[in-house]
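Keep the viewer open as you read.

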Amino acid sequence: MDTDQVIKAARKVSRPYRVDDGGKFNMKDFDPGDTAEFGDEDKPRAKEALQTGVEVLAKLQDVLYAQDRWAVLLIFQAMDAAGKDGAIKHVMSGVNPQGCQVVSFKSPSSEDLDHDFMWRCMKHMPERGRIGIFNRSYYEEVLVVRVHKQILEAQRLPQELVHKGIWDDRCKDIRHLERYLTRNGVIIRKFFLNLSKKEQKKRFLARLDNPDKNWKFSSADLKERGFWKDYAEAYEEAIRNTATEYAPWYVVPADNKWFTRIVVAAAIIDALDSLNLQYPEVDKVKRAELDLAKTSLTKED
Ligand code: ATP
Ligand code: MG
């Protein structure tokens with residue numbers, strides 16, 4: 001397959017999971033176990049497809065970096081064990097580390113809590129020419145904080161600013177931030193890895209049974225599992241309120257890791273392709289400089 005064919009295929013495989021009109025979004029329309037046209041027997045073909053995708057992604061990133069105009073912000077959100085880390089690792093495996101940065105947002109520090117909720121994320125926005133990956137993000141502010149109201153209390157906001165409409169207000173602020181970033185040349189894509197409760201149980205059990213995976217298990221994850229329904233509602237609300245044409249969500253089936261990775265890679269390829277990236281043009285002055293350098297090097301003995 002040549003690059004154009006890969007780009008076309010990427011669009012085809014990722015578009016069904018793209019949500020860019022939040023008003024119409026219903027979580028129940030998205031099946032965590034979906035694998036599109038790939039059956040279980042197609043896994044080797046799927047692996048090959050991912051490999052091809054990763055190569056094309058690397059090529060596009062090279063141009064993004066050279067052109068140095070656009071920045072790319074990729075946001076990953078999910079329940080525990082949905083495979084965020086693995087998706088990031090595999091999908092970005094071919095890209096030049098110089099042009100890519102991953103930031104994980106865990107529980108906020110006391111310094112973070114002394115500021116507005118965007119503050120800690122703003123410090124890590126990708127530079128032009130780079131891909132920035134947020135492993136969790138400011139979206140936690142309408143997810144975990146919404147599910148556990150005591151976290152909101154710990155944020156020490158002035159009392160009169162804490163009211164029922166705070167989640168809608170936060171989503172509005174997020175939309176505005178994303179609009180602002182888009183207007184500044186930051187292209188944003190957001191991924192919700194959509195895992196089923198049943199598959200999460202399987203993965204937790206594997207973490208308990210397999211000594212090499214024990215380190216990944218935390219009892220806190222089990223506690224959060226108890227709030228599954230609340231999280232599902234919070235995710236649905238968040239996506240409804242923040243899925244836009246300029247910053248779409250991808251609701252990626254996450255029960256089969258190999259398929260998750262294909263969809264994520266495909267969506268990023270589609271996004272980069274939409275930028276019409278070009279290597280910088282060499283103008284007359286630069287041409288003369290290159291010619292001069294060549295002459296001088298050729299003259300060396
Ligand atoms: P992994 O488990 O794969 O290491 P993770 O992203 O789950 O990755 P953890 O250290 O397990 O990392 O969890 C981070 C926790 O921090 C999550 O439960 C998340 O909800 C929480 N968190 C992130 N942002 C905020 C926030 N703004 N306020 C409160 N909690 C937050
Ligand atoms: Mg965790």
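Of the 301 residues of the protein, 47% count as buried, where buried means under 20% relative accessible area, exposed means over 50%, and partly exposed covers what is in between (1.4 Å probe, protein chains only). Please keep in mind that this is a predicted model: local features need pLDDT of at least 70, side-chain atom pairs count only at pLDDT 80 or more, and totals for chains, interfaces and linings use all residues. Residues are numbered from 1 along each chain as its sequence is written, chains are lettered from A and ligands numbered from 1 in the order in which they are written, and side-chain values use heavy atoms, with hydrogens and water left out.

The accessible surface comes to about 16600 Å², and carbon and sulfur atoms hold 51% of that; such areas come from the Shrake-Rupley method with a 1.4 Å probe, and for residues only the protein chains shown count as cover. As for charge, there are 50 positive and 49 negative side chains, and the centres of the two sets lie 2 Å apart. Here Lys and Arg count as positive and Asp and Glu as negative, while His and the chain ends are not counted; each charge is placed at NZ of Lys, CZ of Arg, CG of Asp or CD of Glu.

How is the chain built up? The protein has 13 helices and six strands, taken as DSSP runs numbered from the N terminus (helices: H or I, at least four residues; strands: E, at least two). Its radius of gyration is 21 Å, close to the 19 Å that the globule rule gives for 301 residues, so the protein is as compact as a globular protein of that length. That radius is taken over C-alpha atoms, and the rule is 2.2 Å times the number of residues to the power 0.38. The C-alpha trace spans about 70 × 55 × 40 Å along its principal axes. If you look at contacts (heavy atoms within 4.5 Å) between residues at least 6 apart in sequence, 81% join residues at least 24 apart.

Now for the sheet. Six strands form an open sheet in the order β1-β6-β5-β2-β4-β3, with mixed pairing; two strands pair if DSSP finds at least two bridges between them. The edges are held by β1 (18-19) and β3, each with a single partner strand, so one side of each is left without a neighbour in the sheet. Two bridges pair β1 with β6 in the antiparallel sense, and Arg18 stands opposite Tyr250 in β6.

Further in, β5 (residues 186-194) has nine of its nine residues buried. In a regular strand the side chains alternate between the two faces of the sheet. Both faces of β5 are covered, with Val186 and Phe192 among the buried residues on one side and Ile187 and Leu193 among those on the other. Parallel neighbours flank this strand: eight bridges join β2 (residues 71-78) to β5, with Ala71 opposite Val186, and five bridges join β5 to β6, where Tyr250 is the bridge partner of Phe191.

Finally, visit two loops. Thr244, between α11 (228-242) and β6 (249-253), is buried at a relative accessible area of 12%. Leaving out residues up to four places away in sequence, Thr244 touches Asp20 and Arg175. Gly94, in the loop between α3 (84-91) and β3 (100-104), is partly exposed at 37% relative accessibility.
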